[in-house]
Amino acid sequence: MPTASDLAVDVYDAVKTYRSMRNTIHALRGVSITVRRGEVFGLLGPNGAGKSTLVKILMTVITPTSCQGTMLGKPIGDKPTLAKVGYLPEHHRFPDYLTAKQVLHFFGAMSGVDRATRRKRAPMLLDMVGLSNAGNRTVRQFSKGMRQRLGLAQAMINDPDMLLLDEPTDGVDPEGRRDIRNLLANLRAAGKGILINTHILAELELLCDRAAIIHSGELHKQGTIAELTTFNAAYEIEARPTAATPAPSAEALTADLAHLAGAQLQITTKPTGEVLIRWATTDPADIQPIIDRLRAAAWQVTRVYPYRATLEDAFIKVIEQAKAQENAKRHTPAHSTPTAGGQP
Amino acid sequence: MTKVLTQTGAIFYDAYRELNARKMFWISLGISLLVVACFALIGINEKGISIAGFTIPGIPINTGLFSESFFYKLMFVNVGVNLWLGWASTILALVSTASIIPDFVSSGAIENMLARPISRIRLFLTKYLASLLFVFLQATVFTAASILVIGARSGEWLWGLMLGVPLVTLFFSYIYCVSALVGVWTRSTLAALLAALALWGVILVVGIAEAATLQWRVGHNTKIVTFQKDVEATQLQITKETQAGADADRLQTLRTQLDRKQADLAERQASLQSAEFWHNMMYAGKTILPKTAETKELLLRAIATDAELEKLLDDPDDQPGRQNRGFLGPADRRTMREVQKIIDNRSVWWVLGTSAIFQLVILAWASRIFAKRDF
């Protein structure tokens, strides 16, 4: 259990409701997350789920309807705390008449960083994000990827203890994405808390320690990547009959193994005659008898590997469950509150 | 405190860079220097006004009427401040700066500004003040160049003209604050610009209406005094002629005249009430609105001596050997002079204080919108 000082962000029961004459939109319905220092936390959800709303609440861009908790040990909404927080908004726009260096100086000054520190950090950060040769070029000459790199640099100009990045790899090429991943890994190693809001799940999986899945303003799941992806864990074994010795047919083998492992076992016969055996277990000891039986039956085991669901699988599963719940609620006569996520 | 200065400095420096990137700023500055160059060509001597050393015949303005120093002050105030900075340059400035607040609060730009250790109110007000840099720099360059040119020509260094810089900036801020309000409210540059121009139009219309109703009122007052004197004179004549034993027809004629004059007087007095009502209404409207023209006129009041200002109000009829100028009769000119005196006697507090209250109310409203809005 992490202590309060381990937590970079500890927000609970964040609610944001937009009311107008015509309708009421629930952008967040009591979301609670914790981000520890020295970890990368991913915020997942479809468009309009409320991810950006939550990040904006943390950065005081949006005023919550209600929200409890702390960021870097201070209440959410505490302006002085933002001096130690870095933020990269989604679809950000920098003044296009400024050069990359001027952007860093301007936003550094806005964070209260003194001139000497800015002068020291600006070239270092430009180098870090791969823009060392573009420091004196104006933003209007930058490609989208370069702007994104610059955005990342400005988020770090104040040497933040906590970084909130909204779609940090948006528009960045594969090489740039790898650079950003490496950069974030280094920041994590330096003990910074990092909250990433992205659609690119494969990237999160490579980088994140923990993640939360939000849908329609509600938190549906939160945990480590391993915890989120264990729901479909299994071992898979591939085997084929040897040509030298007579072997039982696939059907006979299937019947034999099913008898051994019961319903947890799934056996698929490939057109080549190979079989793929899938057993829903995370314990390697469980699969040893199957391997023994295959060998005893003169089948050659060609491959044994643990199977884990991807974050994308986990995400889709959670979202489908959430949608099913919503549909069920919608068809319940007592339910009348409209549901929608995101900002109006 | 250091952090506040760092942030404020950054916003102002950014505003300067933004101006640097705007062509309109440089065009306006170029025209300013052109106007100053024109000042350098214009002079005054005992024969009249000269342009590039050549005296223009037929212009009855010479050093006998105004001193060289006062002539330059008048030229600076009337042409430089009232015409150029107060009209043409202001329109260019409004067009150029109307987009500053809408761009500032636009999606993609504002998030990065709000996510800083600075309160929203301070952020907005600092940005607003930085937006006035356009006019402040224009007025500073124009005034400084004017002082240099006038000093070089006349040998008099009129440092007092520098007062034009804060006054012109203040005048612009009256109009620009509404542009900022509408800009933060609608996020539309066009709406912000139109709102500023509409306010300026309203101020002008109310100003003209107030001056006209004041003239109406003063004119009636003057006429009532004349009528009252006339009535009194007729009454006196009737008394005298009655005592002298004048015949009944003569007395009847005088009484008929007296009745007619008293009726005219009563009619004028009733009309005066109407003039007073409408003038009071217009004056109340003017008091609520910012005083753009009066703010600019404060400059002349500040830099000219009392004697110089009196000279501007001199009645040519009162001066022997002076030609009657214009198409107004002596009574109308007296009314105009009286109106001008009333306007000039309006206190600096009324001019600046009530305008400042207007601006504070508008800025408080805009700040509230900015502070409460979710971006």
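I take a residue as buried if 20 or more other C-beta atoms lie within 10 Å of its own, and I keep in mind throughout that this is a predicted model.

**Entry 1: one alanine in chain B.** I looked up Ala130(B), which I found in helix 6 of chain B, residues 120–131. Is Ala130(B) buried or exposed? I counted 22 C-beta neighbours inside 10 Å, and therefore Ala130(B) goes down as buried. I then set aside its neighbours within four places in sequence, and noted that Ala130(B) is in contact with Ile11(B), Phe12(B) and Ala15(B). For the pair Ala130(B) and Ala15(B), I recorded a separation of 115 residues in sequence against a C-alpha to C-alpha distance of 5.9 Å.

**Entry 2: where the chains touch.** I found 22 residues of chain B in contact with 24 residues of chain A. On the chain B side, the elements that give two or more residues are helix 1 (2–20) and helix 5 (110–114), and helix 1 of chain B gives the most, with eight residues. I sorted the residues of this side into nine nonpolar, six polar and seven charged.

**Entry 3: chain A as a whole.** I listed ten helices and 14 strands in chain A. I noted its radius of gyration as 25 Å, well over the 20 Å that the globule rule gives for 344 residues, so I describe chain A as more spread out than a compact globule. Along the principal axes, I saw that the C-alpha atoms of chain A fill a box of roughly 80 × 60 × 40 Å. The division I have for chain A is into domain 1 (4–94 + 147–222) and domain 2 (234–307), whose C-alpha centres lie 45 Å apart. I also noted that 40% of the 344 residues of chain A count as buried, and that, among contacts in chain A between residues at least 6 apart in sequence, 72% join residues at least 24 apart.

**Entry 4: a sheet in chain A.** I traced six strands of chain A that form an open sheet in the order 6-7-8-3-9-10, with mixed pairing. At the edges I found strand 6 (85–88) and strand 10 (218–224) of chain A, each of which pairs on one side only, and I noted a twist that averages 15° from one strand to the next. Within the sheet, I followed strand 3 (residues 40–44) and strand 8 (residues 193–197) of chain A, which run parallel and are joined by four bridges; here Val40(A) stands opposite Ile194(A). Finally, I looked at helix 4 (residues 144–155) of chain A, which lies across strand 6 and strand 7 (162–166) and runs at about 165° to strand 6 of chain A.

Key: Residues numbered from 1 in each chain as written. Chains lettered and ligands numbered in written order. Predicted model: local features only at pLDDT ≥ 70, side-chain atom pairs only at ≥ 80, totals over all residues. Contact = placed C-beta atoms within 7 Å. Nonpolar A, V, L, I, M, F, W, Y, C, P; charged D, E, K, R; others polar. Domains from an automatic or database assignment. Buried ≥ 20, exposed ≤ 12 C-beta atoms within 10 Å, placed from the backbone. Rg over C-alpha atoms; globule rule 2.2 N^0.38 Å. Pairing = 2+ DSSP bridges. Axes fitted to C-alpha atoms, helices over the stretch in contact; angles between N-to-C directions.
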